[in-house]
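The following exercises concern one protein structure. Each task is followed by a solution in steps.

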Amino acid sequence: MERAIAGIAAEFGLPVHTHKKIGDPREEILHLSRIINADLIMLGSTGTGGLKQILLGSVSTFVVRNSPISTVIVR
């Protein structure tokens, strides 16, 4: 997937930088966005809802609620 995205971006002359972290994804996403001075966070959503989301939480919901920068959720 990384190569496919990089190929599409290259067609438009745009750079792609990937980052891989270990830990709580909610905290790691917010932490990395501060480190790299991101101006946008884009996340995918599995569409989990209802009781499962309440019990397990949602990475995308947490990031949207706690990020000081614009966040886009793609479903």
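A residue is called buried when its relative accessible area is under 20%, exposed when that value is over 50%, and partly exposed in between. The model used throughout is predicted.

**Exercise 1. Describe the fold and the extent of burial.**

Solution. Step 1: the secondary structure of the protein consists of four helices and two strands. Step 2: taken in sequence order, these elements give the pattern α-α-β-α-α-β. Step 3: of the 75 residues in the protein, 15% are buried. Step 4: for contacts between residues at least 6 apart in sequence, 60% join residues at least 24 apart.

**Exercise 2. Classify Ser33 as buried or exposed, and list its contacts beyond its sequence neighbours.**

Solution. Step 1: locate the residue; Ser33 belongs to helix α2. Step 2: the relative accessible area of Ser33 is 9%. Because this value is under the 20% cut-off, Ser33 is classed as buried. Step 3: once neighbours within four places in sequence are set aside, Ser33 has contacts with Ala38, Ile41 and Ile69.

**Exercise 3. Determine the surroundings of Phe62 and state which charged group sits over its ring.**

Solution. Step 1: Phe62 lies in helix α4, which spans residues 59-66. Step 2: its relative accessibility is 24%, so Phe62 counts as partly exposed. Step 3: with neighbours within four places in sequence left out, the contacts of Phe62 are Arg26, Glu27 and Leu30. Step 4: for one of these, Leu30, the separation from Phe62 is 32 residues in sequence, while the C-alpha to C-alpha distance is 9.6 Å. Step 5: another of the contacts, Arg26, places its charged end over the ring of Phe62, 5.3 Å from the ring centre. Step 6: turning to ring-ring pairs, a search of the whole structure returns zero aromatic pairs.

**Exercise 4. Characterise the largest pocket by volume, lining and residue class.**

Solution. Step 1: the volume of the largest pocket is about 1100 Å³. Step 2: its lining comprises 22 residues, and those nearest the pocket centre are His17, Thr18, His19, Met42 and Leu43. Step 3: two or more lining residues come from each of α1 (2-11), α2 (25-35) and β1 (41-44). Step 4: the greatest contribution to the lining is that of α2, with four residues. Step 5: sorted by class, the lining of the largest pocket holds 13 nonpolar, five polar and four charged residues.

Key:
Residues are numbered from 1 along each chain as its sequence is written. This is a predicted model: local features need pLDDT of at least 70, side-chain atom pairs count only at pLDDT 80 or more; totals for chains, interfaces and linings use all residues. Side-chain values use heavy atoms; hydrogens and water are left out. Rings of Phe, Tyr and Trp (its six-membered ring) pair if their centres lie within 6.5 Å; planes under 30 degrees apart count as stacked, over 60 as edge-to-face and the rest as tilted. A charge sits over a ring if NZ of Lys or CZ of Arg is within 6 Å of the ring centre and within 35 degrees of the ring normal. On a 1 Å grid over the protein atoms alone, a cavity is a set of points where a 1.4 Å probe fits but cannot get out, and a pocket is an open set with protein on both sides within 12 Å along at least five of seven lines; lining residues have an atom within 4 Å of a point. Grid points are joined across faces, edges and corners, and a volume is the space filled by probe spheres set on the points. Ala, Val, Leu, Ile, Met, Phe, Trp, Tyr, Cys and Pro count as nonpolar, Asp, Glu, Lys and Arg as charged, and the others, Gly among them, as polar. Buried means under 20% relative accessible area, exposed over 50%, partly exposed in between (1.4 Å probe, protein chains only). Contact means heavy atoms within 4.5 Å.
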